[in-house]
Amino acid sequence: MLDQTQIDKFHREGFLIARNVVPRDAVQALQAEIEATIDWQAQMLRERGEIAEMHEDADFLHRTALLHAQSPRILDPIAHGIHTGPAIFNLLTCPAILDIMEQLLGPEILVSSIYRLRPKLPGLAEGVIPWHQDSAYFHSCADDDLVPTFWVPLMNATVESGCMEVLPGCHRKGVLRHYWADLRAPGLSVHPDHMPDVKPVPVPAGIGDAVIMTNLTPHRSTDNVSSLIRWSADIRFNSPEAGDYGPNEASFLGRSKVRPDDVITDWREFEKIRANHVPSVRIDRTWLRHDKETFLNPEKRVDLAR
Ligand SMILES: O=C(O)CCC(=O)C(=O)O
């Protein structure tokens, strides 16, 4: 649980580093589930001749990078919210996390459709995430609602390995203008002419910690210049009032006083909900591509900084 000082700081600055709030066994179980998924994918890729060396002795912080050097498809089963399983479900519904969300959102809690596992591989340009607000990716129905991100490091995330960086206090500025930056992995970036003039704050975090941010908090993560994979999970929550802001994937009820029978308690049910989801709305935002956008000072474009 958060104390009142932490809650006040979260609302004032738009982010909070909460220490020792994620049970370590939940993190360890997710690490093991990811390792098993990567191993299964590696075996499949070896059978297809795409991977020659399995690197079975390499650990969680190294193996995926060694396999990725042979085939980028090693990441397919964990990319873009595809991964389901008991450990990710247990993290998404972890009582200690939902208790904190209840403090921020009240008793009706949807586990957001948008959750991601992120292996930021050492030196890989695709892992660089430019300054953005999560709302820039969302349907605008949630612009006035709080959709906290709970960013959970699955290792000791340092500045060197590319931890989160935030712009404090800027969540009060509404949705800033973004554009589709020309990076190796397509990503939205705050338009440089609309970038708040605020000093960035790096937020290193270790196992058990969480970085909690609002959907309007500008944040980014830079290069991983360490030799370790920076593993993290970003999971989100909202009250039902926020509407279907991430219609491409399925959300589910994580806690409820009004509809307790509809709360999902079994990971297999969660897996079915994710697999059977049919998008019903289209995201209503249209940001310009880097080649169509205009810039007062083109040198500040992040896509030129590759
Ligand atoms: O983990 C990262 O590097 C980026 C995470 C992020 O942008 C997010 O959680 O919205």
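The questions and answers below go through the strands, the ligand shell, the cores and some single residues of a predicted model.

User: What makes β7 and β8 a pair of strands?

Analyst: Two strands pair if there are at least two bridges between them. Strand β7 (residues 178-181) and strand β8 (residues 187-190) are joined by 4 bridges. They therefore pair. They run antiparallel. In β8, valine 190 is the bridge partner of histidine 178, and leucine 188 is the bridge partner of tryptophan 180. A hairpin of 5 residues links β7 to β8.

User: Why are β8 and β14 called edge strands?

Analyst: The open sheet has 3 strands in the order β8-β7-β14, with mixed pairing. β8 and β14 each have a single partner strand, so one side of each lacks a neighbour in the sheet.

User: Why is arginine 289 called exposed?

Analyst: Arginine 289 has 11, so it counts as exposed. Arginine 289 sits in strand β14. Between arginine 289 and alanine 181 there are 6.8 Å in space, C-alpha to C-alpha, and 108 residues in sequence.

User: Why is arginine 177 called partly exposed?

Analyst: Exposed takes 12 or fewer C-beta neighbours, buried takes 20 or more, and partly exposed lies in between. Arginine 177 has 14 inside 10 Å, so it counts as partly exposed. Arginine 177 lies in the loop between β6 (164-166) and β7.

User: What is arginine 177 in contact with, leaving aside neighbours within four places in sequence?

Analyst: Arginine 177 is in contact with His191 and His194. Contact takes C-beta atoms within 7 Å. Proline 192 is 15 residues from arginine 177 in sequence and 8.9 Å away in space, C-alpha to C-alpha.

User: What makes β4 and β9 edge strands?

Analyst: The open sheet here has 4 strands in the order β4-β11-β6-β9, with antiparallel pairing. β4 (129-132) and β9 (201-203) each pair on one side only. On average, neighbouring strands of this sheet are turned by 25 degrees against each other, direction ignored.

User: How do you know that β4 and β11 pair?

Analyst: They share 2 bridges in the antiparallel sense, and at least two are needed, so they pair. In β11, histidine 219 is the bridge partner of histidine 132.

User: Which residues are around the ligand?

Analyst: They are Arg118, Lys120, Ile129, Asp134, Thr149, Trp151, His219, Ser221, Ser232 and Asp234. Each has its C-beta atom within 6 Å of the ligand. At least two residues of the shell come from each of β3 (116-120), β5 (149-153), β11 (219-221) and β12 (230-238).

User: How do the residues of the shell around the ligand divide?

Analyst: The shell has 2 nonpolar, 4 polar and 4 charged residues. Arg118, Lys120, Asp134 and Asp234 are in the shell. Asp, Lys and Arg count as charged, so these residues are charged.

User: Which residues touch the most other members of the largest nonpolar core?

Analyst: Leu30, Leu91, Val152 and Val211 do, in a core of 58 residues. Helix α2 (residues 24-47) gives this core its largest share, 6 residues. A second, separate core has 5 residues, including Phe138, Ala142, Val147 and Ala242.

User: Which residues does valine 152 touch, not counting those up to four places away in sequence?

Analyst: Valine 152 touches Val22, Leu91, Ala210, Ser232, Ala233 and Ile235.

User: Why is asparagine 20 called exposed?

Analyst: The limit is 12 or fewer. Asparagine 20 has 12 C-beta neighbours inside 10 Å, so it counts as exposed. Asparagine 20 is in the loop between β1 (15-18) and α2. Its phi is positive, about 55 degrees, although it is not a glycine.

How values were computed: Residues numbered from 1 in each chain as written. Predicted model: local features only at pLDDT ≥ 70, side-chain atom pairs only at ≥ 80, totals over all residues. Axes fitted to C-alpha atoms, helices over the stretch in contact; angles between N-to-C directions. Core = buried A, V, L, I, M, F, W, Y, C linked by C-beta atoms within 7 Å. Contact = placed C-beta atoms within 7 Å.
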